[in-house]
Structures are given as structure tokens and as C-alpha cells.
Amino acid sequence: MSAQIPEWEPLAEPQLVDQRGTYDRMRAACPVARSPRGVTLFRHADVVAAANDPVTYSSATSAYRAVPNSLDPPEHARFRAVVDAFFTPERMRSLEPRIRTIAGELVDALPRDADVDAITDIGNPFAVRAQAEWLGWHGAEGQLLVWMADNHRAIRSGERFRTAAVAAAFDAIVLRQVQHRRQLGRAAPDDPTTELLRLTIDGEPLNDGDIVSILRNWTGGDLGSIAAALGVVLHFLATHEPVQDALRRGADNCAAAVDEMLRIDDPFLVNRRVTTVAARVGEFAIEPATRVYLNWTSANRDETVFGDLDAYRPAENAAHNLVYGTGIHVCPGRPLATMELVVAVQALLAATSRIELAPAAEPVRETYPVGGWRHVPLRLS
Ligand code: HEM
């Protein structure tokens with residue numbers, strides 16, 4: 001006998017006001033819950049088990065092909081090997097000085113006597129400039145910033161035709177970069193975008209659809225993740241003075257600190273899977289062809305794993321941190337994301353003596369499908 005999966009409505013207004021709080025309550029009440037959209041897994045152990053079982057929990061959640069995100073074994077591994085090669089420690093080390101320059105310039109231009117928004121004034125421009133630098137998309141920063149704002153509005157509207165239109169607009173930006181390099185031929189700039197064009201899998205070059213898809217997954221989604229992550233990190237620093245002081249003194253490892261801040265308030269809420277066969281989560285049965293949401297934000301706050309879920313314990317919690325996922329789809333961009341976030345934090349700390357919340361303005365929470373903060377007004381001194 002299987003227990004009935006409790007119902008919930010994740011997009012109802014009261015649930016969205018404080019998404020983390022909603023997930024904390026849901027996790028305490030039930031490991032899984034069903035809505036018209038699918039079944040959500042809230043607990044750390046269940047999310048880890050599903051993410052590590054791609055045979056039962058497929059990533060091919062729609063007819064739309066996303067490389068490598070929607071691919072299952074064995075095809076996934078061939079594309080994943082290609083993608084991983086772009087994020088090696090050597091590549092990150094050679095990129096880091098250029099990202100440091102971008103962060104330094106951005107921080108120097110921020111006002112010291114007025115409110116500064118962690119997302120719109122720091123996170124978004126930093127994410128766009130850093131990604132453009134990495135991919136060699138110089139001159140496309142303005143277009144990308146406009147696109148990010150359009151994308152955000154379209155996602156929040158929940159209207160399919162708007163999200164389809166911004167997706168098409170993004171593909172056009174990416175395709176221009178690809179075509180430009182094809183026209184230049186051997187004179188194309190030596191950057192990761194050109195490299196992708198020259199790669200082969202099993203002796204065959206990648207087709208344009210897969211190249212655009214790879215680039216889309218490196219930029220479209222992840223510009224937003226970096227900006228949102230920076231919002232969470234800067235809010236945490238502004239509201240946890242001892243942690244800020246320790247990082248200023250160089251007493252704490254900045255990468256571990258950032259990971260732990262993101263565990264406590266993970267802005268990357270969920271990823272989807274679809275069951276290929278009947279599955280079980282404890283006493284609950286999930287039918288084949290059910291859409292399943294792995295709720296990273298909830299799993300990262302599971303008290304059975306982390307104890308006091310708001311306690312900042314970078315070293316103790318690192319091994320169970322799920323901010324970048326787990327299993328075959330674990331984030332390949334983690335080294336890049338971590339380097340960029342650490343460089344941005346270090347630039348801000350080096351150029352200020354204090355980062356505080358702005359006295360007269362309130363931070364505003366972001367809402368589904370994004371977590372973290374929409375606005376974090378800061379004062380830098
Ligand atoms: C703070 C920033 C980021 C966070 C929190 C994050 C988080 C994640 C998570 C949780 C997954 C697992 C998805 C799943 O299991 O379905 C993932 C996958 C992925 N991430 Fe990230 N990510 C970040 C930044 C980046 C960056 C900068 C890039 C590339 C430039 C990137 C590229 C990808 C790709 C391509 C996948 C799919 C991998 C696969 O399917 O094998 N991410 N990310």
C-alpha cells in the first residue's frame with residue numbers, strides 16, 4: 001500500500017511571499033507534495049537519490065533539446081565531456097585576472113553616498129561583463145543586459161508566448177556570435193565560442209542547434225544565477241557583520257563562505273525530471289511519466305542533515321551542500337561561478353570599509369522560478 005501524496009499549490013500568493021519559509025514548512029510536514037505541475041521532493045536524501053538515478057528520473061522533461069541539460073545517459077556523457085573541458089582549473093586561472101579587472105572597475109564606479117542595489121547595480125552588470133569577457137562576446141554586453149531584463153519579466157509573467165519570444169531573441173544573439181566567427185574563418189578570435197565551433201564528437205563537428213544550445217545554457221540561465229547569487233551573498237554580508245569582518249581580515253576561505261551563504265538561501269530553486277518507470281519515495285508511489293521537481297533550496301536547508309539550518313558553518317556543511325546539484329548533471333560551471341563570485345566579493349571588500357543595508361529601503365524577495373532577492377539596497381562606505 002502507498003500513502004497518498006499531499007497536495008499543495010506552489011504558485012499561490014501566500015506560498016510565494018517567503019519561498020524558503022514555505023519549503024521549510026512543507027519539508028517538516030511531508031517529504032513530497034503534488035501540484036498540477038508535478039511532484040516536488042523537499043528532503044535532502046530524496047533529492048540526492050533522484051539526482052543520482054538518471055535512469056528512473058530522466059532529464060528529458062520536454063520535447064525541447066537542451067545540451068547537456070536535457071540529455072540522459074549514454075548521450076549525456078559524450079556532450080558533458082566536451083562541456084567540462086571548458087572549466088578546468090588552468091582555464092579559470094588564466095581568466096581570473098580579466099574578471100578581477102572587470103570587478104574592480106565596476107566597484108570603483110559605484111557611489112559611496114547613495115543607495116546601491118546589489119542585483120541591478122552590481123549583480124547584473126557584473127554577470128554580463130564577466131560572461132562576455134569569458135566567451136569573447138565583446139560589444140554584446142548592452143544587448144545581454146536588455147535581454148536579461150526582458151527574460152526576467154517574461155518568466156515572471158508566466159505567459160508562454162512571452163517566454164518563447166525572449167528565448168528566440170536570445171538564440172538570435174547567440175547565432176550572431178556563431179555566424180560572425182564562421183565568416184571570419186581562421187581569423188576568428190581565439191575564445192571559447194570559436195573553440196566550440198571547431199570541436200568534434202565522434203569525429204563529427206557539432207551542429208549549429210547544439211552549439212547554440214550549449215551557449216544558451218552557459219549564458220541565458222547562468223547570467224541570472226550569478227546575479228542572484230551575488231544578491232544573496234551581499235545581503236548575507238550586510239546582515240552578518242562578524243562574517244564580513246572575518247572575510248575582510250582574510251580569516252575565512254572566501255569560496256567556502258560563499259557556498260555556505262548560498263546553501264542557507266539558495267537562489268537556484270528547482271530542476272525538473274520526469275519518471276521513466278514507477279518510482280518510490282518512502283511510503284509514496286510516483287507513477288511513470290510524472291514530472292518531478294528536485295527542490296535544491298529546500299534540500300539545502302534540511303535540518304536532519306544541517307542541524308540549525310540558518311547557522312553559518314562553511315566547513316561542517318560543505319560535504320552536503322547541494323547548491324550546484326549532484327549526480328551526472330552536477331553544475332559544470334561551478335568553478336567559473338565560484339571564481340566570479342569570490343572575485344566580486346573580494347573587489348567589494350577591498351574597496352570599502354563597510355557594506356550595510358541602506359537605512360531607508362527594504363530588501364525585496366524574488367519569486368518563483370527564481371529565489372533569493374529581487375532588490376537589496378546597500379550602502380557602501
Ligand atoms: C551561482 C551560480 C550557479 C548555480 C547556483 C548553478 C546551479 C546548477 C545546478 C543546481 C545544476 C544541476 C541541474 C540539474 O541537476 O538538473 C546546474 C547545471 C548546469 N549548470 Fe550551473 N549553476 C551556476 C552557474 C553556472 C555557470 C556560470 C554555468 C556555465 C557558464 C553553468 C552551467 C550549467 C550547465 C551547462 C548545467 C547542466 C549540466 C548537465 O546537464 O550536465 N552553471 N547548475
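Visitor: Where is the place of Asn317?
Guide: First, the ground rules: this is a predicted model, where local features need pLDDT of at least 70, side-chain atom pairs count only at pLDDT 80 or more, and totals for chains, interfaces and linings use all residues. Residues are numbered from 1 along each chain as its sequence is written, and side-chain values use heavy atoms, with hydrogens and water left out. Helices (H or I, at least four residues) and strands (E, at least two) are DSSP runs numbered from the N terminus. With that settled, Asn317 belongs to helix H15.

Visitor: Does Asn317 count as buried or exposed?
Guide: Buried means under 20% relative accessible area, exposed over 50%, and partly exposed in between, using a 1.4 Å probe and protein chains only. Asn317 comes out at 4% relative accessibility, so it counts as buried.

Visitor: Which residues is Asn317 in contact with, leaving aside its neighbours within four places in sequence?
Guide: Contact here means heavy atoms within 4.5 Å. With those neighbours set aside, the partners of Asn317 are Glu260, Arg263, Phe306 and Ala311.

Visitor: What does the side chain of Asn321 reach at 2.9 Å?
Guide: Asn321 is found in the loop between helix H15 (314–317) and H16, and its relative accessible area of 11% makes it buried. Not counting residues up to four places away in sequence, it touches Asp259, Glu260, Arg263, Asn300 and Phe306. At 2.9 Å, its side chain meets the backbone oxygen of Asp259.

Visitor: Which side chain makes a polar contact with the side chain of Glu366?
Guide: Glu366 lies in the loop between strand S12 (364–365) and strand S13 (373–375), and at 5% relative accessibility it counts as buried. A polar contact is a pair of N or O atoms within 3.5 Å; within protein, one must be able to donate a hydrogen and the other to accept it, and residues adjacent in sequence count only if both atoms are side-chain atoms. For the side chain of Glu366, the partner at 3.2 Å is His152.

Visitor: Within what arc do the buried residues of H3 fall?
Guide: The buried residues of helix H3 (residues 44–51) are His44, Val47, Ala50 and Ala51. The arc is that of the directions from the helix axis to the C-beta atoms. Seen down the axis, these residues line one face of H3, because they fall within an arc of 140 degrees.

Visitor: How far is a polar side-chain atom of His329 from an oxygen atom of the ligand?
Guide: His329 is among the residues that come nearest to the ligand. Arg80 puts a polar side-chain atom 2.8 Å from a ligand oxygen, and for Arg273 the distance is 2.7 Å. For His329, it is 2.6 Å.

Visitor: Which residue is the only protein donor of the iron atom of the ligand?
Guide: Donors are N, O and S atoms within 2.8 Å of the metal (3.2 Å for Na, K and Ca); water is not among the atoms, so sites may look incomplete. The residue in question lies in the loop between H15 and H16. Its SG atom is 2.3 Å from the iron, and the residue is Cys331.

Technical notes:
Near = heavy atom within 4 Å.
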